[in-house]
Amino acid sequence: MSRPIRGRVDLDALRHNFSVARRYGAARNTRLFSVVKANAYGHGLVPVATALADLTDGFALLELSEAIALREAGIQNPILLLEGFFRAEDLPVLAEYGLTPAVHRLDQLEAIEGAGLPVQLPVFIKLNTGMNRLGFTAATLPAAQAFLAQAKAIGDVAYMTHFADADDPRGVDWQIQRFDALVGDWQGTVSLANSAALLRHPQAVRGWARPGIVLYGSSPFADQSAADLGLQPVMSLESEILTVQELAPGERVGYGGLFEAQAPTRIGVVACGYADGYPRHAPTGTPMLVDGRRSRLLGRVSMDMLCCDLTDLPQAGVGSKVTLWGGDLPADEVASAAGTISYELFCAVAPRVPMTHVGGQADGA
Ligand SMILES: *Cc1c(COP(=O)(O)O)cnc(C)c1O
């Protein structure tokens with residue numbers, strides 16, 4: 001038999017979460033780019049996109065190969081490339097597959113103009129309103145706009161920006177002010193909101209929103225749980241107990257002996273390690289479920305194994321099901337115990353973990 005670790009992706013929950021995002025955008029008729037970068041946050045690009053295709057207005061991702069994979073899977077929705085294109089040689093591919101790049105440098109506009117494409121390419125002009133990663137600023141935007149005014153090869157233009165603090169008290173108003181100052185009286189398409197802004201900052205919900213993490217059932221906020229937001233968990237990571245060890249007081253477990261038993265301790269050895277994507281920096285105490293009951297990580301996570309505490313779970317043994325996250329154990333809770341965010345847990349699930357997709361039909365069949 002194969003190693004018992006596996007991922008499970010509930011596409012009905014994904015569709016439910018999309019409907020939650022839709023509700024937040026409904027008041028302003030906001031269209032939604034479902035963000036499916038990084039293999040749909042580790043959930044499986046094509047199954048996720050296929051399950052959302054009849055609901056979403058578009059998809060947003062970064063990798064050209066993944067955008068092509070969506071088209072080849074029959075996805076016809078608009079596709080936005082969030083980091084644009086990386087070299088001019090890719091432009092004919094964008095035109096062929098009907099992909100819309102974000103553009104953040106003047107030389108990229110020049111490259112489109114000079115590419116001799118058979119069709120006009122639509123663009124989302126990315127504005128830097130304070131994140132200071134990508135985008136035009138007050139200093140660089142006028143030249144781009146002058147170029148756009150005379151460009152022949154560039155089709156529909158939209159303006160977008162990305163928020164640095166939509167999930168924390170600094171909020172979005174300072175960036176919206178900069179955005180509005182940059183675009184002036186622009187009446188065309190805009191795109192501002194990520195998940196956090198969509199859910200918490202109605203003033204940012206205009207044009208196209210770009211929800212990612214909420215679709216996958218996690219909360220973008222430290223102070224509000226996914227369940228409180230009406231979101232359902234989509235991915236669960238499950239494995240089994242391989243063997244049981246009984247530790248006497250003073251014995252230690254795993255590399256570095258980080259956990260030392262103070263009392264007789266019953267330990268389950270689980271087929272899951274950092275090579276599966278479980279965070280190595282998760283400390284003793286990080287929660288997990290064994291047969292649906294709460295347990296906790298003990299000692300250091302190894303490459304292929306980790307240990308959990310079965311002292312209070314006498315019925316658990318070899319073959320007991322271990323849920324690393326998902327179901328009744330929010331990934332957000334595991335992430336917070338491990339000092340990270342659920343985004344990272346999801347994206348890190350390794351290719352060697354088989355991922356099964358269930359549900360996802362329009363009629364719930
Ligand atoms: C990843 C990303 C998003 C989605 O962010 P979430 O916090 O997952 O909703 C939106 N916009 C851009 C530009 C992104 O890179």
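**Exercise 1. The packing of α6**

Work out which elements the buried residues of α6 pack against in this predicted model.

*Solution.* Begin with the contacts themselves.

Next, identify the residues. Helix α6 runs over residues 106–114, and its buried residues are Gln 108, Leu 109 and Ile 112. They span an arc of only 100° around the axis, so they sit on the same side of α6.

Finally, look just past the helix end. There you will find Gly 116, with a positive phi of about 65°.

**Exercise 2. Helix α8**

Find which residues of α8 are buried, and name elements that cover them.

*Solution.* Step through residues 173–183, which make up α8. The buried ones are Trp 174, Gln 175, Ile 176, Phe 179, Leu 182 and Val 183. Their cover includes α7, β7 and β8 (190–191). After α8 comes Gly 184, with a positive phi near 60°.

**Exercise 3. Aromatic pairs**

How many aromatic pairs does a search of the whole structure find, and how are the rings of Tyr 41 and Tyr 216 arranged?

*Solution.* The search returns 7 aromatic pairs. Take Tyr 41 and Tyr 216 as a worked case. Their ring centres are 4.6 Å apart and their planes meet at 25°; since planes under 30 degrees apart count as stacked, this pair is stacked.

Now place the two residues along the chain. Tyr 41 belongs to helix α2, while Tyr 216 is in the loop between β9 (208–209) and β10 (235–247), so the pair ties together parts 175 residues apart in sequence.

Then check accessibility. Tyr 41 counts as buried at 6% relative accessibility, and Tyr 216 is buried as well, with a relative accessible area of 1%.

Trp 325 lies in strand β17 (residues 321–325) and Phe 346 in helix α11, 21 residues apart, and the pair links distant parts of the chain. Both Trp 325 and Phe 346 are buried.

To finish, note a cluster: Phe 33, Phe 124 and Trp 208 form one aromatic cluster.

**Exercise 4. The largest pocket**

Describe the space in the largest pocket and the make-up of its lining.

*Solution.* Start with volume: the largest pocket holds about 860 Å³ of space. Then take the lining, which has 40 residues; those nearest the centre are His 162, Asn 194, Ile 213, Ile 341 and Tyr 343.

Sort the lining by class, and you get 20 nonpolar, 10 polar and 10 charged residues.

Sort it by helix next. α2 (37–41), α9 (195–200), α10 (331–337) and α11 (342–348) each supply at least two lining residues. The most come from α10, which gives 3 residues.

**Exercise 5. Pro 351**

Is Pro 351 buried or exposed, and where does it lie?

*Solution.* First locate Pro 351: the loop between α11 and β18 (355–358). Then read its relative accessible area, which is 87%; exposed means over 50%, so Pro 351 is exposed. Lastly, compare chain and space: Pro 351 and Val 301 are 50 residues apart in sequence and 19 Å apart, C-alpha to C-alpha.

Conventions:
Residues numbered from 1 in each chain as written. Predicted model: local features only at pLDDT ≥ 70, side-chain atom pairs only at ≥ 80, totals over all residues. Heavy atoms only, no water. Buried < 20%, exposed > 50% of the residue type's maximum accessible area, 1.4 Å probe, protein only. Helix = DSSP H or I, 4+ residues; strand = E, 2+ residues; numbered from the N terminus. Arc of directions from axis to C-beta. Contact = heavy atoms within 4.5 Å. 1 Å grid on protein atoms, 1.4 Å probe; cavity = no way out; pocket = protein on both sides within 12 Å on 5 of 7 lines; lining within 4 Å. Points joined across faces, edges and corners; volume = space filled by probe spheres on them. Nonpolar A, V, L, I, M, F, W, Y, C, P; charged D, E, K, R; others polar. Phe/Tyr/Trp six-rings, centres within 6.5 Å; stacked < 30°, edge-to-face > 60°.
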